[in-house]
Amino acid sequence: MLEKLADIILRCKTGAVLTGAGISAESGVPTFRGDEGLWKKFRPEQLASMDAFLSSPEVVWEWYNWRRELVSKVKPNPGHFALREIEELFDSFTLITQNVDNLHQVAGSSRVLELHGNIYRNKCVNCNTMHDPELEIKPDDIPKCGKCGGQIRPDVVWFGEMLPAAVIDEAFEKAEKADVFISVGTSALVQPAASLPLIAKQHGATLVEINPERTPLSDLADFHFPAKSGELLPELMTLLKEKTTG
Ligand code: OAD
Ligand code: ZN
């Protein structure tokens, strides 16, 4: 099956990949919805929402500081590196991620459409002015925006918030144009990201899913690989390289 996919990929000009928390699982970043997932231990609306920030900004910042520290200690895994390499096989390639952990960038992917922001960036809660990512945030003394006095918050998308318009618009455009669309490590439950693979398929893409578990996408996908992305993606890359050089 991998062989067949490799042959298809080599005939494709445009490719797009959507990643979710599962791509970073083998790096040691917890996912959201599994048995060990973050949303089993914490309630999203109490940590990742504007209401939570307005009522208890210190609690929200303690949680984001903990996650910042966690992701700063981990490294990209072979799945991230394989996606960094696969881009070279296409005339046009787009990597779209729901992750905020920055690991695709650390792995060297040239351009990443970050649908849900980036955990390292800071912005003003009122006027959205971007602030220094190096700013140290003490939860009991949160720095304020020099322009408007608003508190600094992480530049991530919270529950109930819109995704950055330019980013999601481009993601849909690239999904429509993709000859092959690969969904990796996402439960495919959170909108609007979950629509991207469907849009790609409707516009004629070969739809591929890499996920040890089944998701709402699995039955629609042309290929479902019930495997870990850190194992399957490098295998796919090796095969692709053999076929292109051999
Ligand atoms: P989820 O936690 O919902 O799903 C992670 C998926 O990764 C699951 O389907 C797992 O089966 C799969 N998985 C686990 N280990 C894997 C591995 N080694 N290789 C491949 N797949 C693996 O995470 P997301 O789908 O990313 O949003 O969640 C989407 C959004 O919901 C997140 O961006 C976040 C969350 O609430 C916001 O914070 C706005
Ligand atoms: Zn401001």
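Contact here means heavy atoms within 4.5 Å. Helices (H or I, at least four residues) and strands (E, at least two) are DSSP runs, numbered from the N terminus. The model is predicted: local features need pLDDT of at least 70, side-chain atom pairs count only at pLDDT 80 or more, and totals for chains, interfaces and linings use all residues. Residues are numbered from 1 along each chain as its sequence is written, and side-chain values use heavy atoms, with hydrogens and water left out.

**View 1. Helix 9 against helix 10.** Ala171, Phe172, Ala175 and Glu176 of helix 9 meet Ser195, Leu196, Ile199 and Ala200 of helix 10. By class, this contact has 6 nonpolar, 1 polar and 1 charged residues. Axes are lines fitted to C-alpha atoms, for helices over the stretch in contact, and angles run from 0 to 180 degrees between N-to-C directions. The crossing is right-handed, meaning that the near helix is turned clockwise from the far one by less than a right angle; anticlockwise is left-handed.

**View 2. Helix 7 and its buried side.** Gly79, His80, Ala82, Leu83 and Ile86 are the buried residues of helix 7. Buried means under 20% relative accessible area, with a 1.4 Å probe and protein chains only. These residues lie on the same side of helix 7 because they cover an arc of only 160 degrees around the axis. The arc is taken from the directions from the helix axis to the C-beta atoms. Their cover includes strand 1 (14-19), helix 2 (22-25), strand 2, helix 8 (103-107) and helix 11.

**View 3. Helix 7 against helix 11.** The two helices pack at about 35 degrees, with axes 7 Å apart. Their crossing is left-handed. The contact residues divide into 9 nonpolar, 3 polar and 2 charged.

**View 4. The largest nonpolar core.** A nonpolar core is a set of buried Ala, Val, Leu, Ile, Met, Phe, Trp, Tyr and Cys residues joined through side-chain atoms within 4.5 Å. This one has 28 residues; Ile9, Ile86, Ile182, Val208, Ile210, Phe225 and Leu236 touch the most other members. Elements giving two or more residues include helix 1 (2-11), strand 8 (206-210) and helix 11 (229-245). Helix 11 gives the most, with 6 residues.

How values were computed
Chains are lettered from A and ligands numbered from 1 in the order in which they are written. Buried means under 20% relative accessible area, exposed over 50%, partly exposed in between (1.4 Å probe, protein chains only). Ala, Val, Leu, Ile, Met, Phe, Trp, Tyr, Cys and Pro count as nonpolar, Asp, Glu, Lys and Arg as charged, and the others, Gly among them, as polar.
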